[in-house]
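User: I'm new to this one. Can you walk me through it?
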Amino acid sequence: MTLNLALNAIISGLLLAGVYAIASLGLTITFGLLQIPNVAHPTFIVLGAYCAQLLNSFGLDPIIAGLLFTPLFYLGGVLLYQIYFQTFERRGCSDTLQSFTFFFGVALVLQVSLILVAGVDLTSVNAPYIGKSLRIGPATMPYRLVIPFVIGMTVGLGMWLMLMRTRAGLALRAVAHDANALRICGLSPTRAKANGFGLAMATASLAGAALIVVSPVDPFSGTQYIGRTFAIVVLAGMGSVPGTLVAALAIGVVESLVITFVGATWAPGVAFAALLGTLAIRPSGLFGIAR
Amino acid sequence: MRPITRRTFGKLAAAASVTAAAPIRLAKSAEGPIRIGFSIAQTGNIASGGKAGLAALELWRGDVNAAGGLVGRQVEFVVYDDQSQASNVPGIYAKLMDIDKVDLLLLPYGTNLTAVVMPMVVQRNRFVIGQFEIGQNDKFGFDKFFEVAPWGPKPGANWCRGYFDLAKRQGYKTLVVVNSDAEFSANAASAGAKIAEEYGMKVLSVQHYPPNTVDFSGILRTVNAAAPDYVFVASYPAESAALIRGISEIGIADSVQMFGGAMVGVQYAQQLASLGSALNGVTNYDTYVAAPTMNFPGVGEFLERYQKGAERDKVDALGHFLPPFFYAGGQLIAAAVKAAGTVDEDKMAKWLHANATDTIVGPIKFGPDGNWVESRIIWDQYRDVADNNLDQFRKPGKQVILQPEALQTWKLAAPYSKARN
């Protein structure tokens, strides 16, 4: 019985990690690589959830709905970055409290807009796989967690390949290290950063679709994920996509085991204790800064 | 001295009459509207209840003002959004009392937010109407406090007794308690565990979890491993949905005869529609359902008017759970003001303690602690609920009342695993 519980706890933790991973990948780019304190990212995820719900109300699967919205989110991210660049980076104010406050303001405006348009009630989606599980031997895996896990890992792998193998990805990694060097090579750091920010926003659309499959959301749901997503990005090592996946898996499994064997109340504390412990031993995080 | 002519005397008399009447006219216009002040959650995680309650209160205010107001005065609200944050409440109520100087107060919606302002209103000796808090007057015994929710006497310890009365009637002996680590749910779980022990039942385990947990598979497996006769859950909306979905995914032990209790959220239209058939078999608390035993005068007409405006106001589409009681709170104020003939908080309080008030949720009579003399919390079970169909809940049949016996419309379907299907 204990083995059965432990096995299912580990599997639940791994599946939940998919949700954490997809929610954190965008921040890995903006905060980890580009050093932009985009605290509005979780609120954009909630916006993605509402967009998925909108198309789902016409019968479309929420994940496909999230995929369809990614180009719009990408363009929105590019536009938001341009505003941020003109207002702060161009004037050399990117490391100031004002730039941090800018994104808080964006989050608040977005949240209030969602309240005015969609109301304050919880909203959810319908899909044939919600409420059903995949059973393999003693393991039971709810589809509403399996699907976000698959999306999280797929997007993470795709993002890693993009960063490692494509010119756009190399430019993004390069601008994180030395924007002037990139300029000397004839590439535009601003364009590289705008592309990165747009990609991060595009992941928010998919993350929102995954989130609303897992659980109902309301305009305030973003605040529940701010702490965890930033913790995962820091634990991973700033800018490391593989690190983000590993950190999400670690936190997901630790939380799930603690919920099952110790008590659910302890779970968030233990997860953040793991973060602090890791940083004490390895301040750069599990995988350091991506090169 | 010149003699006073009749013309002069007439002018003097007219002037004297005007002067004598003026203070009365001036006093009346200086009184102005009756200002009722409160904070309510219009944003934040309990905003869905707060906004629905506010919509009901606005309906009441419109009705009262259309009928000429109270004691000749129109009713005005001074309302602030507390953002579902208890930390915002004391400052808001200090402003309401000391700067806005409102005539009457309503307490915020919910236990967590009322807890922080009760000491202030008790100290300032203000007449207050509680709006779905639980047990916050148990320790104060304040005689100007009146709660609109039908919890019954000493609600902190007893509001969920009906669930355990039902379990006792069925002969159940063991249970597991599952609750969120928040004031309302923790209090409900604690009270429930005590009642169970009082009835000689064994609490096999108590499972706490942090608010906004989305995956309950670990907890549900632990519940199944314990194999209790029934499960008592105290949870908030998103958690309630996740728990019910989790049961569909993980399954529930056949030993569990009854599942539910104090799950907040399953009363709301959005969750009724989206959870649909997953709700079947759940036994939970409610305040109003469409049932033949709950046809109080005025409630049907109120719900019709509320539902018409619900989409425009973006509030709960059905309005069964909270709005009728918020409206009744307004009716309590109206009755007390009319009976006292004035907005005198002492007189209003005395009258409400001495008299029953007819409202759209039935007659309300208060005990010394400001709660209803008799609990009218209903415990209902979901039956034959179809997916994505809100209209089914406007008619009797989908939420059958099991407890209290006076309002009962059907019997418990058990075990829970069978009742789900």
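Analyst: Start with two helices of chain B: the axes of α2(B) (residues 47–66) and α12(B) (residues 299–313) come within 11 Å and cross at roughly 125 degrees. Axes are lines fitted to C-alpha atoms, for helices over the stretch in contact, with angles from 0 to 180 degrees between N-to-C directions. Helices (H or I, at least four residues) and strands (E, at least two) are DSSP runs, numbered from the N terminus. This is a predicted model, where local features need pLDDT of at least 70, side-chain atom pairs count only at pLDDT 80 or more, and totals for chains, interfaces and linings use all residues. Residues are numbered from 1 along each chain as its sequence is written, and chains are lettered from A and ligands numbered from 1 in the order in which they are written.

User: Which residues make the contact of α2(B) with α12(B)?
Analyst: B:A55, B:A56 and B:L59 from α2(B), and B:R305, B:Y306, B:G309 and B:D313 from α12(B). Residues are in contact if their C-beta atoms, placed from the backbone, lie within 7 Å.

User: Different topic. How many residues of chain B are in contact with chain A?
Analyst: 37 residues of chain B, meeting 35 of chain A. On the chain B side, α2, β7 (202–209), α9 (217–226), α10 (237–250) and α11 (269–275) each give two or more residues.

User: Which element gives the largest share?
Analyst: α10(B), with eight residues.

User: And chain B overall, how many helices and strands?
Analyst: 15 helices and 14 strands. Its C-alpha atoms fill a box of roughly 110 × 40 × 35 Å along the principal axes.

Conventions
Contact = placed C-beta atoms within 7 Å.
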